Amino acid sequence: MTVENVLSAPSRTIEPRDPFLESLTDPDADPAGGPTAAALEEERRDAATRRARVRPVVAVLTQPTLVLSILVLALVTLWAVAPSWFTAWDPIEGVPQDRLLPPSAAHLFGTDNLGRDLYARVVYGSATSLAATSVAVVVGLAVGSFFGLLAGFLRGIVDDAIMRFMDVLLAIPSLLLSLALITALGFGTLNVAIAVGLASVASFSRVMRAEVLQIATAVYVEAARVSGVRWYAVLRRHVLPNASGPVVALAALEFGVMVLAISSLSFLGFGAPPPTPEWGSLVSGGRDYLAVAWWLTTLPGLVIVAVVLSANRISRALERDGGIR
């Protein structure tokens, strides 16, 4: 007869998991063994994130004019980046026997008085015109935002001095101011771009100052100042990122204005010297042949109009759909 050891530990059995009992101690647990409340909340957040990412694309696709504007600027940008993809004609060398041919399948925009394909000259001229416009926008945006940021944040005598100078610039017509700056800088596409950019400094400065004055009184900016953060760090981390939205929209709007300004100055002969193709100079070169070759001025002019209208449409979309004040 065997004697059990009463001192030995009793045998333990593994009880099955009870979701209901776990739900009593864990409020996020589901008694039915399904997804927890935390998991469901995470799924809802992921779905909201996906919808937020898709919403801007849907908003763009539901606006045909905005889609068309984006396509126009994309096409012109491709012209500037890779012009040989769109035409096989040389923009400089012409064929004398093909002079002043109307638009056709062989020459989409016709030919000029020297037998050069006008479409090729417009395509190759987009690189010069867009590069000059981009330089002008960067100059105006950088210089104007800098002065507007200082004026709105430092205030006092600094604000008064900067804004009175900007008022003087605004009192001078932008084209006249650009002509004065070109006279000082000299002719050439780069100098034209710099002059047009400096003529737009006052517009960027006023918009940036207005945004900075509003943001500088925010709670988080005041908290950063009280905590001892240096003023230039407050500008870089808090004020500038939050004030840049309207200035970006203005840059898109000024892009179209600067295309017109640079084309106007090129039309007057201040841009790239011939035979370099440039939109304004193409319009200027065809004005002596309006009676016999209307396409020499009309078609390059329509390209300029399309670019300006597209830039203005995108600017309105940035201002309205982007929630910019």
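Rings of Phe, Tyr and Trp (for Trp, the six-membered ring) pair if their centres lie within 6.5 Å; planes under 30 degrees apart count as stacked, over 60 as edge-to-face, and the rest as tilted. With that in hand, select Trp79, Phe109 and Tyr119: together they form one aromatic cluster.

A word on what you have open. This is a predicted model, where local features need pLDDT of at least 70 and side-chain atom pairs count only at pLDDT 80 or more, while totals for chains, interfaces and linings use all residues. Residues are numbered from 1 along each chain as its sequence is written, and side-chain values use heavy atoms, with hydrogens and water left out.

Searching the whole structure turns up five aromatic pairs. One of them is Phe146 with Phe147, edge-to-face at 5.5 Å centre to centre with 70 degrees between the planes. Phe146 counts as partly exposed because its relative accessibility is 46%, and Phe147 is partly exposed too, at 31%. (Buried means under 20% relative accessible area, exposed over 50%, partly exposed in between, with a 1.4 Å probe and protein chains only.)

Now jump to Trp294 and Trp295, an edge-to-face pair with 5.8 Å centre to centre and 85 degrees between the planes. Trp294 is partly exposed at 44%, whereas Trp295 is buried at 5%.

Last stop: Ala195, in helix α7 (residues 189–199); helices are DSSP runs (H or I, at least four residues), numbered from the N terminus. Ala195 counts as buried because its relative accessibility is 0%. Show what Ala195 touches beyond its neighbours within four places in sequence: Ser178, Leu181, Ile182 and Leu185, where contact means heavy atoms within 4.5 Å. Then pick Ala136, 59 residues from Ala195 in sequence but 7.6 Å away in space, C-alpha to C-alpha.

Methods. Helices (H or I, at least four residues) and strands (E, at least two) are DSSP runs, numbered from the N terminus.
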